[in-house]
Amino acid sequence: MKNSVIFGVVFLFGIIGDVCSQSLLTLPDIYKNGVYTQKRFGPIRWMKDGDGYSSIEKNNQLEGDDIVRYDAKKGTRSILVSAEELIPTGASKPLTVADYHWSEDNSKLLIFTNTRKVWRYHTRGDYWVLDLDTRKLSQLGKQIPATTLMFAKFSPDGTRVAYVSENNLFVESLESGKITALTSDGNKDIINGTFDWVYEEELSCRDGFRWSPDGKNITYWQSDTRGVGTFYLINNLDSIYSQPIPLPYPKVDQTLSAVKIGVVPSEGGETRWFDMPGDPRNNYLARMEFIPNSQEVLVQQLNRAQNVNTVWKGDIETLALSKILVEEDSAFLEVHDDVRWLEGGKFFTWSSERDGWMHLYKVSRDGKSVELITEGEFDVERISHIDPASGFVYYISSPDNFTQRYLYRSSLKKRAKAERITPIEFSGQNSYQISTDSRFAIHTFQNTTTPPVYSLISLPAHKEVRVLEENLELRSKYAALGLNPKEFFKVDIGDIVLDGWMIKPADFDPMKKYPLLFYVYGEPAGSTVQDAWMDGDLWHHYMARLGYVVVSVDNRGTKTPRGREWRKSIYGQIGILASYDQKAAAEQILKTNDFIDPSRVGTWGWSGGGQMTLNLMFRFPELYKAGLALAFVSDQRLYDATYQERYMGLLEDNLKGYIDGSPITYAENLQGDLMIIHGTADDNVHYQSFEMLVDKLIKYNKMFSMMSYPMRAHGINERENTSLHLRETMKNFWLRSLPPGGQ
């Protein structure tokens, strides 16, 4: 026994020594030193005329930001607003521009600065306005607590700005500086003009008010969170006494916020409310926008099960509601933002899976006419641009390779075959930010071996005008590492063929047997098998350098453009169907690759992937010998109602599915080496999920490893050195539980 242990130690150190001698890839360089940080381009704003775009650029002399304009055709650069003009009176430094917006006539600039995080995103801070005629810089909300302003927006005529502060709505006159409070009942329970946690996280609702086209009224959402269960995060780091952080968070089958939509005069006055049908605590008001040049709003109302989306037209003067469209699905519906108005407001565009594929439709204003725009057995993955003037919709799709993405266009005026715009040489993933008149676009191209390349192109010919950022330095660094590229493959598990990728060790020898490390996710919110540049890939290349074969497979139900049946197959069985798909894929991979050691198979994942890891470890202990689960849901009833009920149905209708899909149900089956990791300040997947699993494993006398990161959230990256420490912890777990290297 002693001799075998000594041999194992010598063998392990030999592998690590070989790797270190030939590799420059280190965890500190990846997770602390920023050696492999990619350069990005933008954000940009296309100008109204479509001839140019504006962007933020650093002014190194003043340690501030210039806002510049580039002529699309000529490439000439001009400074629209210099950093010098953004120095407030009495200040020594210019404002840092986190975001900016032009007024409708481009005569004024709204600057967002000094930002603060609200849950996931920096949506709170200070706003300033620069008048481009007078060059006067003025701060908004001087009579309001600093850094509390959110979602400031110009009125249509550019004379006023509306914003939210401490859950109340305000309008400020730019000429007089007068601030008018439109609401006064906002507090910790009543939220005006923005949203509670679950609306932001699961429905992408953040900015919660809209100016009417004539500027006379503002419509806004109000959320009443009273009755919603409060989850408490505990801060034990920043005081000698623990500090509870209350978070209204509706868990599965629990009370939702009561949400309604009101109309208030922009000069101040009483709010009048739309009388939406149904219980406001068991329906979602997921979207609301004004119909252009009208006094009507279009409201999307989802039922609690999120399988019926009723589209209402609401008159802000009479508050009358007209039902114009009902979208239904036997499984679930995703909310989209693909509504554009055509032909002077007679029609609008609408995305639907009603024919089995995600397509764009043209719907009449009264909802009586619904016509298909995009046509074919493929999914419209996302809409890039709808241009009524040219008569085309530009969109991203990939009919032939689900790991890639390309630009297509279809006519808005007649049914015709989709036209591919992206040239064949751009094999990988492509995205576009298209000018208002569809003449130009910022094109981003990437694949697994090419970091993002940003170019200005002309449309529809897709001719390159100029390269904006190539990430050549990063590409050179990667090339110097001599990494084995991802190898994409397909695995037939009997009733379906799945996509996957594999990374082999640098010194791979097909005559040896290597440990297999699966990276899993498996839920409807994302996909791991994409031909794209992914920052997380360096971790997998690092593990391959240590002597692991790293593999990832997308099971059914993941977010890929493979049609409705693929995506909806997971309905009501999160954690069940996906687990069996992953197991079947693993068995097939083992069967067809002699260089993999079936006694050394491990799996790891984060969030939904952490849940998947636990399900695999507990359900199939004979196959998976080691697992690492981060920020996971152990019992699906602990997660938020909006996400979990969308994909699992209501608890009263599918209690068995919730129990059978939760890994905690099978904790007593653990046999292999398990490590679990969680941040105690995770506002998304609560630390409670971690503790409940720990309690269950203790009950069954199961041995495991655990690591808690105090006051770290779902990404486990806050505070000094966290990311590096986390990856070192993960590495050490794999080295001891799944010995690397070919044997």
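Author: The crossing of helix 7 and helix 8 is right-handed. This is a predicted model. Helix 7 covers residues 577-592, and helix 8 covers residues 608-619. They pack at an angle of about 70 degrees. Their axes are 10 Å apart. Angles of 65 to 115 degrees count as roughly perpendicular, and helix 7 and helix 8 are therefore roughly perpendicular to each other.

Which residues make the contact? Helix 7 supplies Ala578, Ser579, Tyr580 and Gln582. Helix 8 supplies Met612, Asn615, Leu616 and Arg619. By class, the residues of this contact are four nonpolar, three polar and one charged.

Next comes helix 9, residues 641-648. Eight of its eight residues are buried, so helix 9 is largely enclosed by the rest of the structure. Buried here means under 20% relative accessible area. The buried residues are Ala641, Thr642, Tyr643, Gln644, Glu645, Arg646, Tyr647 and Met648. What covers them? The cover includes helix 3 (197-203), strand 20 (283-290) and helix 10 (655-661).

Now a strand. Strand 18 spans residues 258-265. Six of its eight residues are buried, so strand 18 too is largely enclosed by the rest of the structure. Strand 15 (residues 217-224) runs antiparallel to strand 18, and eight bridges join them. Within this pairing, Thr219 stands opposite Val263 of strand 18. Strand 18 also pairs with strand 19 (residues 272-273), again in the antiparallel sense, over two bridges. There, Gly262 has Trp273 of strand 19 as its bridge partner. Strand 18 and strand 19 form a hairpin, with six residues between them. Gly268 sits in the turn and has a positive phi of about 105 degrees.

Four strands form an open sheet in the order 28-29-30-31, with antiparallel pairing. Strand 28 (382-387) and strand 31 (419-420) stand at the edges. Each has a single partner strand, so one side of each is left without a neighbour in the sheet. Strand 29 (residues 392-397) and strand 30 (residues 406-411) pair over six bridges, in the antiparallel sense. One of the bridge partners to look for is Tyr408 in strand 30, which pairs with Tyr395.

Terms used: Residues are numbered from 1 along each chain as its sequence is written. This is a predicted model: local features need pLDDT of at least 70, side-chain atom pairs count only at pLDDT 80 or more; totals for chains, interfaces and linings use all residues. Side-chain values use heavy atoms; hydrogens and water are left out. Two strands pair if DSSP finds at least two bridges between them. Axes are lines fitted to C-alpha atoms, for helices over the stretch in contact, and angles run from 0 to 180 degrees between N-to-C directions. Angles under 35 degrees count as roughly parallel, over 145 as roughly antiparallel, 65 to 115 as roughly perpendicular and the rest as oblique. A crossing is left-handed if the near helix is turned anticlockwise from the far one by less than a right angle, and right-handed if clockwise. Contact means heavy atoms within 4.5 Å. Ala, Val, Leu, Ile, Met, Phe, Trp, Tyr, Cys and Pro count as nonpolar, Asp, Glu, Lys and Arg as charged, and the others, Gly among them, as polar. Buried means under 20% relative accessible area, exposed over 50%, partly exposed in between (1.4 Å probe, protein chains only).
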